[in-house]
Amino acid sequence: MSESITSMLQENRIFEPSEHFQSHIGPIYVPDLKTYHDMYRRSIDDPAGFWGDIAKDFHWYRPWKRVVDWNVPDAKWFVDGTTNVCANCVDRQVKNGHGDELAILWEGEPCSPDPEVRRLTYRDLLREVSQTANALKSMGVQRGDVVTIYMGMVPELAIAMLACARIGAPHSVIFGGFASPAIVDRVQDAKSKIIITCDGAWRRGQIVSLKKNVDDACEKLPDVQNVLVVRRTNSPVTMHTGRDQWWHELVSNQSSECPCEEMDSEDLLFLLYTSGSTGKPKGICHTTGGYMIYTAHTARMTFNLVPQRNQVFFCTADIGWITGHSYIVYGMLPNRVPTVMYEGAPNFPAEDRFWSMVARHKVTHFYTAPTAIRAFMKWGDEQPRKHDLSSLLLLGTVGEPINPEAWIWYHQNIGQSRCPIVDTMWQTETGGHIITPLPGCTPTVPGSCTLPAFGIDAAIVNENGEELPANQGGLLVIRRPWPGMLRGIHGDRARFIETYWTKVPGMYIAGDGARRDERGYFWIMGRIDDVINVSGHRLGTMEVESALVSHPAIVEAAVVGIPHEIKGTGIAAFVTLAPQFKGPADDSLRKQLMEHVTKEIGAIARPDMIRFTTLLPKTRSGKIMRRLLRDIAAGKESTQDTTTLEDFNALAKLRENEE
Ligand code: WTA
C-alpha cells in the first residue's frame, strides 16, 4: 500500500444530508437510500434498460441496436448508434431555446483588483467552437486525426476540445505543467501532427512559457506540421513560418457554420495520458457514446444538478487531468449548469482567491482535492471568513483519500456545517465517478467514499476474485462493464490486458487497495502498484527514476512515496552516483537533480527529498526493496544522511523475507 497521510483524528460521526441542502437544491433525484438501492439494483440487473432510458434524453442521429455488448475486456455501448458529443454539449442547448444561458464562466489570473472575466453562453460557444472546428479543418485536420492540446486554463482550451469533438478528431490534452520531454512522448505515441498551445500561461504573476516548450519538443517531432497559438500573455514568442499560426488570426476569419460529424458511439473521443507502474505514460482511450452518457449522468446524480435553480458549478481541477475533462467540460455542459474555469493558482494574488470567486460568482457547487483542502487549512480559517460563502450548497472532493481532519475542516469552514460533502472516488480509466455519496440521501462518514455509483458492480476481492468479508482489506475491482470505462490503452493491447484484466481474470482491477465496512461503505487505502498520488496527481515512480538516471551524475535511482503534510504523498529518491562523477554529493547536487526532474517531467515530479547511497537494497532476485526504502524515507529507520552499503546490507537482511 502506498502511504497516505495517517490521521490522528478518529472520526466516526455520521453526517446525514442537511435540511438546508434538501430545501435549497431543488428536486432531489435520489431522495432516500431505498430509492438509491432500488435504482442501483436495476442498474446492475438490467443495464440495458437503465442506461437506455438515460441515453434516450440525448441527441442521436441513429439509435443504437443494443445498449451493451460485453466480451471481457471489450465493451461496446450503444452499439451502432451514432451521435456527436459537441452537439449534445452545445447545439442541443441552443436548439432547445437556451442559447442565451451561461455555459462557461472563466476567470483569468487577477492582474489587477478586478479580475478578467469572460462569460460564454451556449450561443457564443456554438459560434466559437464552429469557427475553431473550421480552422482545424483548414489546417488539414480530418476525422480520426489526433489533435494535441497543450494550453493554460483559458476558455479556448474548452473550445478547442469541443471543436475536435465536433469534427471527430480525438484530442489529447497535455497538462500545461508538464515539460517538453513529456510533450514529445505523448505526441509521438499519439502520432499527432498538430498542437494547439498558448504563447504562455499566467501562474502566480509569472508566465509559463508554453510555446517555448512546444518549440523545444518540436525539435524532436518532425511530423508536427501545424502549431496553433492562442495569444494570452503577450510574451515574445518565435513563430515558425509555415508551421505556426495565431489563433486570433486564423479562427476569427472562419465561418461560424460547421456541421457536426456523425460519429459512431464507439469512435474515439479522446486520449488522456496517465501514469502506470511501468514504462511511459499510457494513453487511456475514451469513446463517444458511453463516455458522454456516463459523465453527464454521474455529474447530474452526484452533484444533483438542476438547470433552473441558478446553480454555478466550480471544479478547481486543471482540464489537463481527467477531473477537468469530465467535470468542467463534458459532464457539465449537457446538464446546462454553468461551469467555472479559472486560470492561475489558489493562493495568488492572495490565499482567499477561491473564496472571493465563490462569493463573486455565487458558486453553489465547489469541487476540489484533499491536498488543496490541507493547504486551505494551513492558510488559516480567516481566509474563507473574509467572504460570503452562503451561496454554497454542496462540496466535493476527488483525487486521493481524504483525511478526517481535512474533511471536518472543509465541512465546518467552507460548508458552514450545512453542505453535504461528496467524496468521489474514480480514475482516468473510469471516465466518471465509480464510488460516491449522493448528496440528498447518503449519510457520509469522513474518509469513506461510501457507495457505488449506478451501474458500478464494485467489490473487494482477493487475487482469485473471491469477495472478502466486511472490513478485510483487498483489491478494488469492478465486475461488469459500465458506459464510461476505458476502451483500451492507445496502441498497446497487451499492456491494457496486463494492467487491468490479468491479476483477477474477468474483472477490472483499479490498482487500489480498499475495504468495505459492515454498512457496505468503501474505504480506499491507497495504490497497490508503483504509482504514487502526489497532490492528487498520479505519477509513476519509474518515470521519476528514469528522469533521475538521465542525469550524468546518476547511475541508479529508486523512488518511493513518503507521507507529506500537504501533498498527501511526497517523493523521496534514493540515488547512486556514477563512478565518473567527481563532485561532492551535497545540497548543490541535490538541487541540480531536483531541477533536472522538473525539466524532464514537470514541477509536480520534483522530489521532496534526495538521498545519496552507494548501493540500493535489492532482494536476491534483484528487486529493489521499496518497503525498506519507504521506511527509511519516512524516518522509521535511523540511518546517516548518506546511507552506506553496510547499513543497507544489515537492514536488507532483516527485511528480505518480508518483501
Ligand atoms: C485515487 C482522478 C481515494 C485512487 C479522478 C485512484 C482516490 C487514483 C479518490 C486515480 C477518492 C481518486 N478517494 N482515492 N475519492 N479519487 N483517488 O486517474 O488511488 O488521476 O486510483 O483520477 O486516485 O487518479 P486519476
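**Exercise 1.** In which loop does P349 lie?

*Solution.* This is a predicted model, where local features need pLDDT of at least 70, side-chain atom pairs count only at pLDDT 80 or more, and totals for chains, interfaces and linings use all residues. Residues are numbered from 1 along each chain as its sequence is written, and side-chain values use heavy atoms, without hydrogens and water.

Start at β17 (339-342) and go to α12 (353-361): P349 lies in the loop between them. Helices (H or I, at least four residues) and strands (E, at least two) are DSSP runs, numbered from the N terminus. Next, check the bond from F348 to P349: the peptide bond is cis, with omega near 0°.

**Exercise 2.** Find where P73 sits, and say whether the peptide bond from V72 is cis or trans.

*Solution.* Locate β1 (66-71) and β2 (74-79); P73 is in the loop between these strands. Now look at omega from V72 to P73: the value is near 0°, and the bond is cis. Most peptide bonds are trans.

**Exercise 3.** What is the phi of N471, and where does this residue lie?

*Solution.* Read the angle: phi of N471 is near 70°, positive in a residue other than glycine. Most residues other than glycine have a negative phi. Then place N471: the loop runs between β21 (458-461) and β22 (474-478).

**Exercise 4.** Describe the shell around the ligand.

*Solution.* Begin with the count. There are 17 residues around the ligand, and D423, T424, T428, D512 and R538 come nearest. A residue is near if one of its heavy atoms lies within 4 Å.

Sort the shell by type: six residues are nonpolar, six polar and five charged. Ala, Val, Leu, Ile, Met, Phe, Trp, Tyr, Cys and Pro count as nonpolar, Asp, Glu, Lys and Arg as charged, and the others, Gly among them, as polar.

Trace the elements: α11 (322-330), β20 (421-424) and β25 (522-527) each give at least two shell residues.

Now take atom pairs. A backbone N or O atom of G399 lies 3.1 Å from a ligand nitrogen atom. For T424, a backbone N or O atom is 2.8 Å from a nitrogen atom of the ligand. In R538, an N or O atom of the side chain is 2.8 Å from a ligand oxygen atom.

**Exercise 5.** How do helices α13 and α15 cross?

*Solution.* Find α13 (residues 370-379) and α15 (residues 404-414): their axes come within 9 Å and cross at roughly 70°. Axes are lines fitted to C-alpha atoms over the stretch in contact, with angles from 0 to 180 degrees between N-to-C directions. That makes α13 roughly perpendicular to α15 (65 to 115 degrees).

Terms used
Polar contact = N/O pair within 3.5 Å; in protein donor to acceptor, adjacent residues only side chain to side chain. Parallel < 35°, antiparallel > 145°, perpendicular 65-115°, else oblique.
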